[in-house]
Amino acid sequence: MPINRPLFTDIDLQEAVDRQYPVRVFQDDHLVNSGGFIVRFTDSDVIIQSRVSDLTYYSRSNCQFFEVRP
């Protein structure tokens, strides 16, 4: 059963970038992305790559991010 780890701080997000575990993104209590990888983050945004040319920008203040560990 996979473990869902919430990503709150810059340190959490940097670990997710380094480990390249898939993440789940929730916005307004709805799952909006699953299985992508965090490629970059700023103070206001998190950039997730789902496929080779598919980058999606999510607001850190409006979304919740969870790392999915096998």
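Colleague: Which residues have the most contacts inside the largest nonpolar core?

Modeller: Leu7, Ile38, Val46, Ile48 and Phe65 do, in a core of 13 residues. Two or more residues each come from helix 1 (10-19), strand 2 (23-27), strand 3 (30-41), strand 4 (45-51) and strand 6 (63-69), and helix 1 gives the most, with 3 residues. Before we go on: this is a predicted model, where local features need pLDDT of at least 70 and side-chain atom pairs count only at pLDDT 80 or more, while totals for chains, interfaces and linings use all residues. Residues are numbered from 1 along each chain as its sequence is written, and side-chain values use heavy atoms, with hydrogens and water left out.

Colleague: Good to know. What makes a set of residues a nonpolar core, and what makes a stretch a helix or a strand?

Modeller: A nonpolar core takes buried Ala, Val, Leu, Ile, Met, Phe, Trp, Tyr and Cys residues joined through side-chain atoms within 4.5 Å. Helices (H or I, at least four residues) and strands (E, at least two) are DSSP runs numbered from the N terminus. As background, nonpolar side chains in soluble globular proteins tend to be buried together.

Colleague: What is Ile48 in contact with, beyond its sequence neighbours?

Modeller: With neighbours within four places set aside, its partners include Val23, Val25, Phe37, Ile38, Leu55, Phe65 and also Asn33. Contact here means heavy atoms within 4.5 Å.

Colleague: Which side chains make polar contacts with that of Asn33?

Modeller: Ser50 does, at 3.4 Å, and Tyr58 does, at 3.1 Å. A polar contact is a pair of N or O atoms within 3.5 Å; within protein, one must be able to donate a hydrogen and the other to accept it, and residues adjacent in sequence count only if both atoms are side-chain atoms.

Colleague: Now the charges. Why is the pair of Asp12 and Arg5 called a salt bridge?

Modeller: A salt bridge is a side-chain nitrogen of Lys or Arg within 4 Å of a carboxyl oxygen of Asp or Glu. The N to O distance between Asp12 and Arg5 is 3.0 Å, so the pair meets the rule. Asp12 and Arg5 are both buried; for Asp12, in helix 1, the relative accessible area is 15%.

Colleague: How many salt bridges are there, and which residues are linked in a network?

Modeller: The count comes to 8. Arg5, Asp12, Glu15, Arg19, Glu67 and Arg69 are linked in a network of them.

Colleague: What makes Glu67 and Arg19 a salt bridge?

Modeller: Their closest N and O atoms are 3.8 Å apart. Glu67 is in strand 6 and Arg19 in helix 1, so the pair ties together parts 48 residues apart in sequence. Glu67 counts as buried at 0% relative accessibility, whereas Arg19, at 40%, counts as partly exposed.

Colleague: Last stop, the surface. What makes Val39, Leu55 and Tyr57 a nonpolar patch?

Modeller: Patches are made of residues with over 30% relative accessible area and no salt bridge: like charges are joined within 9 Å, nonpolar side chains (Val, Leu, Ile, Met, Phe, Trp, Tyr) within 5 Å. Accessible areas come from the Shrake-Rupley method with a 1.4 Å probe, and for residues only the protein chains shown count as cover. Leu55, in strand 5 (residues 54-59), is partly exposed at 45%, so Leu55 passes the area limit. The three residues make a patch of about 300 Å².

Colleague: And why is Ser53 called exposed?

Modeller: Ser53 has a relative accessible area of 73%, which is why it counts as exposed. Ser53 sits in the loop between strand 4 and strand 5, and its C-alpha is 24 Å from that of Leu7.

Terms used. Buried < 20%, exposed > 50% of the residue type's maximum accessible area, 1.4 Å probe, protein only.
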